[in-house]
Amino acid sequence: MPRSKSKPPPAPKGHRRSVKHGAKAQVLPARIEATARAIDKVLEEAPVRNPDGRVPIHDRGVIEMLAVVRCRLEDVGRWLDERGVMNPKTGKPQSAALWERRLQSQALRLEKELGMTPQARAKLGVNLARTADLAQAMSNPDPVKRAQQLRELGLGDSDE
């Protein structure tokens with residue numbers, strides 16, 4: 001009896017059969033959103049904020065790109081943890097290890113864009129400690145102490 005040439009059943013929704021290391025895989029929107037919310041949480045302490053206290057809307061695209069990169073980086077890292085960095089057959093690094101390095105570089109570039117590294121904050125002219133000290137000095141109700149604190153910050157005398 002001849003075999004019928006029917007197609008195999010489709011893969012179940014959300015399958016990961018064809019996923020290798022995940023460096024180029026599409027990331028689910030819910031996962032991107034969850035990671036973006038975590039990044040937003042980190043950025044709650046960012047010096048550049050909207051009047052309502054949220055991260056500026058213009059940063060949203062960069063935050064979402066960073067979320068995708070972090071999700072892929074997590075997938076690649078998990079894959080490498082399971083299989084190792086070196087290919088046992090060739091003795092060379094797995095392609096996933098090379099992707100991990102690329103993704104790490106991309107994540108770092110995006111983090112710098114968002115001012116999430118000390119160097120990026122310094123380039124933006126943001127000195128978080130000085131900003132806090134300045135806010136504290138400006139809010140001091142005693143004019144003599146306020147003037148003294150401002151002088152210590154190198155801002156000279158205050159007219160108040």
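Helices here are DSSP runs of H or I with at least four residues, and strands are runs of E with at least two; both are numbered from the N terminus. On that basis the protein chain has 6 helices and 0 strands. The model is a predicted one. Along the sequence the pattern reads α-α-α-α-α-α. The protein chain has 160 residues, and 27% of them count as buried. Take the contacts between residues at least 6 apart in sequence: 54% of these join residues at least 24 apart.

**Two helix pairs**

Two packed helices are described by the angle between their axes and the distance between the axes. The table gives both values for each pair.

| Pair | Axes come within | Crossing angle |
|---|---|---|
| α1 (residues 29-42) and α2 (residues 60-83) | 8 Å | roughly 110° |
| α2 and α3 (residues 95-113) | 9 Å | roughly 155° |

An angle over 145 degrees counts as roughly antiparallel. α2 is therefore roughly antiparallel to α3. The crossing of α2 and α3 is left-handed. The residues of this contact comprise 13 nonpolar, 3 polar and 5 charged. On the α2 side they include Val62, Met65, Leu66, Val69, Leu73, Val76 and Trp79. Among their counterparts in α3 are Ala96, Ala97, Leu103, Ala107 and Leu110. Charged residues take part too, including Arg70 and Arg72 in α2 and Glu100, Glu111 and Glu113 in α3.

The range from 65 to 115 degrees counts as roughly perpendicular. α1 and α2 are therefore roughly perpendicular to each other. Their crossing is right-handed. The residues of the contact of α1 with α2 divide into 8 nonpolar, 1 polar and 9 charged. From α1, the residues include Arg31, Ile32, Glu33, Thr35 and Asp40. From α2, they include Arg60, Ile63, Glu64, Cys71, Glu74, Asp75 and Arg78.

Leu66 and Arg70 of α2 are listed in the contact with α1. Leu66 and Arg70 are also listed in the contact with α3.

**Aspartate 75**

Is aspartate 75 buried or exposed? Its relative accessible area is 8%. Buried means under 20%, so aspartate 75 is buried. This residue is found in helix α2. Its side chain makes a polar contact of 2.9 Å with the side chain of arginine 31. Arg31 in α1 and Asp75 in α2 both belong to the contact between these helices.

Notes:
Residues numbered from 1 in each chain as written. Predicted model: local features only at pLDDT ≥ 70, side-chain atom pairs only at ≥ 80, totals over all residues. Heavy atoms only, no water. Axes fitted to C-alpha atoms, helices over the stretch in contact; angles between N-to-C directions. Parallel < 35°, antiparallel > 145°, perpendicular 65-115°, else oblique. Left-handed = near helix turned anticlockwise from the far one by under 90°. Contact = heavy atoms within 4.5 Å. Buried < 20%, exposed > 50% of the residue type's maximum accessible area, 1.4 Å probe, protein only. Polar contact = N/O pair within 3.5 Å; in protein donor to acceptor, adjacent residues only side chain to side chain.
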